[in-house]
Every structure is written in structure tokens, then in C-alpha cells.
Amino acid sequence: MQIESNFIIEAERCLSCQSVNRKLRYRKLSKLIGLEAQIFKCGDCGLVYSGSTLTDEGATKFYERKHSGSNYAEYAKFDAIKIGQFTSRYLKLERQLGHRPGSVLDLGCGEGQALEAAENLGWDITGVEISPAAVEKSRNKGFKNVFCSPLEQLDDLGIGSFDIISLFDVLDHVRRPVEVLTAARRHLSPNGLLHLDVCDISSIYSLLMGESYTHLVPFEHLTFFDPKTLRATLNRCGFEVLHLGGCPRPVSLDFLKMTLKTFNPILAKPVELLANILPNKLNSMALQIPVGIISATARLASV
Ligand SMILES: [Zn+2]
């Protein structure tokens, strides 16, 4: 997948606190688009972020091609597991809200797996997504309120406010995380909850893997939060954090095999050997495993 160099934009400042003070941490070649990204650590807030990002048009093309390609089709095999995971996350938010939510906005809704979970719970659903191909797939599932737009441009969509706003594995993909979160703040009901998860650059998993860290994907993952930088970013955007912590994920051997094949072919080999000697039933069984993801729930900070 080639992305023309005019779609690359260099970030001169930290993607969260806007400081220019930074140190180069990694140079990483993107096999997908054939260009190298420089990954920095902010000298002020400590955020690890990519200095090489895609313009809105470049991001639209990038995610369009990803959602049109075979890779996302492979992931679709695991939709049922994902929908189950989103359902339990939304039910937990419902308990925290203390009432049944009327409406949920899923930002970066992709092909609508979280929307499906919320709709099954009887909530009004709205999704926003940058990839036209993913939006079409969501709409084909019958979800009408799905908008194709950069996530920070929510104000242009006339969508009102929501009891729950979720961003599952999305914030680390955007080059303007502060703008996305502040746009989300403007569309959260006064007693609503924002819920998100991101990969954790300070996790043991990341520290052990170093530069081979699965989530260190140039041009795709642009911010690499840890609990401290995620909390600071949420506070900076006018949120009060209610919960922030590790978030186990349902992982099957089949899923692990497929993910590693894409991101870490060396580790994929022993996993494939193990999968070949185990019965199919064990390969597809999903266990809750800590894979270096942080989840956070926040509400509007009182002024
Ligand atoms: Zn910073």
C-alpha cells in the first residue's frame, strides 16, 4: 500500500501538550507504505508520539485501503468475540451511569462492531468513522446514523449530545488527540461518560518487545500513551478521570496467530507450531489476557 509523500505531515510538536522539547526514541520503517517514521518522547509531558503523521486526506486513503483489503476481512472472523467484549464494557458503563443510557456515540466505529453491541442493548446508536469503506459496511448492517468524517469535526454533523461516548482502540490512531477529545467533550451529556482504550507503551509487553512492540505501527499508531500521559491528556481536555487501569482482552490462539503474522512474523512461527498441535477447539477458545491495553472512563470536569 503506497501512500504518496504529499500525504505525510511532520508533527513539530508533542501531540498532547504541544511542547517542541523532545528526544528521538525510534526510527521505524512502515512496511505498509514504504516510508520511515520518527517516534519521539516529549521532554515535557513524557508522551511518546510519532513525528510522522498522515494528513486527513492521507489518513482517509490509508484506512480506506485497509478496510477494503483482506487484512480487515481476516479480523471480521473474530467479530463475535469483539461484540461480546463491547457488550460487557457497555453494560459496565450502564451500571456506572446509574441508569439505562439513551444514546451512545462510538468514535472511530470502523465496521460497526461496537454499534452492534450497543444496539443489541437497545440504545440509540451513532457512529463516526474516517474510512468511507468502513462506513458503508456499517450502513449495510442497517446502522443509519453513521457519519464519514474526521473525528474532531463532530460539530459539523449536527449530532447533539450523548450519554456515552466510546473510542475503542482509536485515540492512538489520530494526529490531533486533544482536538478529538475536546470535540467529544462538547457532545457528552452533562452526566455522561467517556470511555476509551489505548495501547500502553509502559506495559511489560511493550518493554519486553522494545522496537518489535506490536502496536509500534508507523503512520497508523501516532500516540503511545501510558497511564500518566493518558490521564494528563484527558485532564487537559476538560475531563475528570473516574477509572484508569489495565484492560484484559479476549484472545484466542487463532487471533494471536493472525495478529503476529502481520506484526511480528518471528514470534508468529512458534505460536503457529503450537496451534498446529492443539485441537481446533482450543485454538478458537478466547481467554481474557492482559495485552498491554489501558482503559479509562471519565466524565466532564466540574468548572
Ligand atoms: Zn508533551
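Trainee: Which residues does Lys28 touch, leaving aside residues up to four places away in sequence?

Mentor: In this predicted model, Lys28 touches Glu36, Ala37, Ile39, Glu211, Leu216 and Pro218, when residues up to four places away in sequence are not counted. Lys28 belongs to strand 2. Between Lys28 and Ser50 there are 9.8 Å in space, C-alpha to C-alpha, and the two are 22 residues apart in sequence.

Trainee: Is Lys28 buried, exposed or partly exposed, and why?

Mentor: A residue is called buried if 20 or more other C-beta atoms lie within 10 Å of its own, and exposed if 12 or fewer do. Lys28 has 18 other C-beta atoms within 10 Å, and therefore it is partly exposed.

Trainee: In which sense do strand 2 and strand 3 pair, and over how many bridges?

Mentor: In general, the strands of a sheet pair through backbone hydrogen bonds, in either a parallel or an antiparallel manner. Here, strand 2 and strand 3 (residues 35-42) are paired in the antiparallel sense, over eight bridges.

Trainee: Which residues other than glycine have a positive phi?

Mentor: As a general idea, most residues other than glycine have a negative phi. Gln18 has a positive value, near 70°, and Asp169 has a positive value near 55°. Gln18 is located in the loop between strand 1 (8-10) and strand 2 (22-30), while Asp169 is in the loop between strand 9 and helix 6 (177-186). Gln18 counts as partly exposed because 13 other C-beta atoms lie within 10 Å. Asp169 is partly exposed because 16 other C-beta atoms lie within 10 Å.

Trainee: What is the order of the strands in the open sheet of seven strands?

Mentor: The order is 8-7-6-9-10-15-12, and the pairing is mixed. Strand 8 (146-148) and strand 12 (239-246) are the edge strands, each pairing on one side only. On average, neighbouring strands of this sheet are turned by 15° against each other, with direction ignored.

Trainee: How many bridges join strand 7 and strand 8, and which helix lies across them?

Mentor: Strand 7 and strand 8 are joined in the parallel sense over three bridges. Gly127 stands opposite Val146 in strand 8. Helix 5 lies across strand 7 and strand 8, and runs at about 165° to strand 8. Helix 8 (residues 227-236) also packs on the sheet, where it touches strand 10 (188-199), strand 12 and strand 15 (293-300). The direction of helix 8 makes about 160° with that of strand 12.

Trainee: At what angle do helix 1 and helix 5 pack?

Mentor: Two packed helices are described by the angle between their axes and the distance between the axes. Helix 1 (residues 56-68) and helix 5 pack at about 50°, with axes 7 Å apart. That angle makes helix 1 oblique to helix 5. In the contact, Tyr63, Glu64, His67 and Ser68 of helix 1 meet Pro132, Ala133 and Ala134 of helix 5. By class, the residues of this contact of helix 1 with helix 5 are four nonpolar, two polar and one charged.

Trainee: How do the axes of helix 3 and helix 4 cross?

Mentor: The axes of helix 3 and helix 4 come within 8 Å and cross at roughly 55°. Helix 3 and helix 4 are therefore oblique to each other, and their crossing is right-handed. Residues Asp79, Lys82, Ile83, Phe86, Thr87 and Tyr90 of helix 3 meet Gln113, Ala114, Glu116, Ala117, Ala118 and Asn120 of helix 4. The contact of helix 3 with helix 4 has six nonpolar, three polar and three charged residues.

Trainee: Why is helix 4 largely enclosed by the rest of the structure?

Mentor: Helix 4 (residues 113-120) is largely enclosed because six of its eight residues are buried. The buried residues in helix 4 are Gln113, Ala114, Leu115, Glu116, Ala117 and Ala118. The buried residues of helix 4 pack against helix 3 (79-97), strand 6 (103-107), strand 7 (124-129), helix 5 (132-140) and strand 9 (162-168). Just after helix 4, Gly122 takes a positive phi of about 90°.

Conventions: Residues numbered from 1 in each chain as written. Predicted model: local features only at pLDDT ≥ 70, side-chain atom pairs only at ≥ 80, totals over all residues. Helix = DSSP H or I, 4+ residues; strand = E, 2+ residues; numbered from the N terminus. Contact = placed C-beta atoms within 7 Å. Pairing = 2+ DSSP bridges. Axes fitted to C-alpha atoms, helices over the stretch in contact; angles between N-to-C directions. Parallel < 35°, antiparallel > 145°, perpendicular 65-115°, else oblique. Left-handed = near helix turned anticlockwise from the far one by under 90°. Nonpolar A, V, L, I, M, F, W, Y, C, P; charged D, E, K, R; others polar.
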